[in-house]
Amino acid sequence: MQVWTVANQKGGVGKTTTSVALGSLAAGGGSRVLLLDLDPHGSMSCYFRQNPDTVTRSCFNLFRDRQALDPAVVSRQVIETAYDNLHLLPASTALATLERKAIGPDGAGLVVAGALAHIADMYDLVIIDTPPLLGVLMINALAACQRLVIPVQTEFLALKGLERMVHTLEMMSRSRRGGIDYTIVPTLFDRRTQASVGSLRSIRNTYGERVWPGRIPIDTKFRDASKAGVPPHILAPQSRGVRAYQSLRKWLSQAPRDLSPACGVGGGA
């Protein structure tokens with residue numbers, strides 16, 4: 001089982017769209033996929049028509065019951081979607097209460113990793129969507145993953161968020177064996193604007209081979225798919241955005257994991 005985390009310490013960069021697009025494409029290709037929503041706002045859960053305010057099966061229960069986790073407890077939190085091979089472990093707004101608590105000696109920073117270990121034989125791929133801030137939820141998501149995907153909007157302010165994210169990875173590399181293998185994915189690219197073109201150039205110049213060679217364009221079909229609660233590749237299989245995510249998924253699946261340090265963070269997990 002592979003675990004990919006989609007994270008950035010800035011909101012509005014396309015984390016949920018990236019999570020849903022990559023996960024649903026993998027499921028459509030025959031992989032058994034679990035989408036895990038760790039954001040208290042529950043955007044990914046809402047995408048699949050689960051209400052974070054009222055849901056009773058959720059990631060929050062993993063933290064609440066972390067001393068008694070077993071395969072049955074974890075499996076009970078999972079919800080089947082309307083799409084083959086695609087399951088969801090929803091978010092609850094109660095997750096927000098965890099951010100007020102420090103990670104203590106009881107291992108609260110490893111809850112998700114421990115939970116996924118119980119169901120590792122059930123899935124080929126897990127994709128974790130995260131909140132846009134550093135706290136216990138993002139720490140869990142980073143600790144659980146083998147590959148980190150960092151969507152970055154091609155605009156100036158998003159570059160500052162990327163700097164914070166890389167700094168977080170540098171800190172985590174000191175507290176775990178090896179670093180985190182990560183790929184920067186330029187999103188919301190608009191080739192008609194100098195701001196977008198210039199930001200993309202800056203990202204590539206600064207982070208080099210850590211940046212995926214392609215980019216995800218602005219595409220209104222993503223908004224339409226979210227409104228309909230349908231994976232993008234099903235609603236608009238020939239859209240330019242879906243074609244870009246198909247290319248990204250193929251690249252992530254085939255790219256070797258880099259075991260050499262980059263930007264202060266070693267690869268591999």
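This is a predicted model: local features need pLDDT of at least 70, side-chain atom pairs count only at pLDDT 80 or more; totals for chains, interfaces and linings use all residues.
Local features are reported where pLDDT is at least 70 and side-chain atom pairs count only at pLDDT 80 or more, while totals for chains, interfaces and linings use all residues. Residues are numbered from 1 along each chain as its sequence is written, and side-chain values use heavy atoms, with hydrogens and water left out.

Side chains of opposite charge can pair when their charged atoms come close. A salt bridge is defined here as a side-chain nitrogen of Lys or Arg within 4 Å of a carboxyl oxygen of Asp or Glu. Across the whole structure, 7 salt bridges are found.

One of them links aspartate 65 with arginine 64, with 3.0 Å between the closest N and O atoms. Aspartate 65 is partly exposed at a relative accessible area of 24%, and arginine 64 is exposed at 53% (buried means under 20% relative accessible area, exposed over 50%, partly exposed in between, with a 1.4 Å probe and protein chains only).

Another salt bridge joins glutamate 163 to lysine 160 at 3.9 Å, N to O. Both residues belong to helix α7 (residues 156-173), where they are 3 residues apart, or about one helical turn. Helices (H or I, at least four residues) and strands (E, at least two) are DSSP runs, numbered from the N terminus.

Aspartate 181 pairs with arginine 210, their closest N and O atoms being 3.3 Å apart. Aspartate 181 lies in strand β7 (residues 181-187) and arginine 210 in the loop between α8 (194-207) and α9 (220-228), so this pair ties together parts 29 residues apart in sequence. Aspartate 181 is buried, with 2% relative accessibility, and arginine 210 is buried, with 5%. Through shared partners, salt bridges join Arg147, Asp181 and Arg210 into one network.
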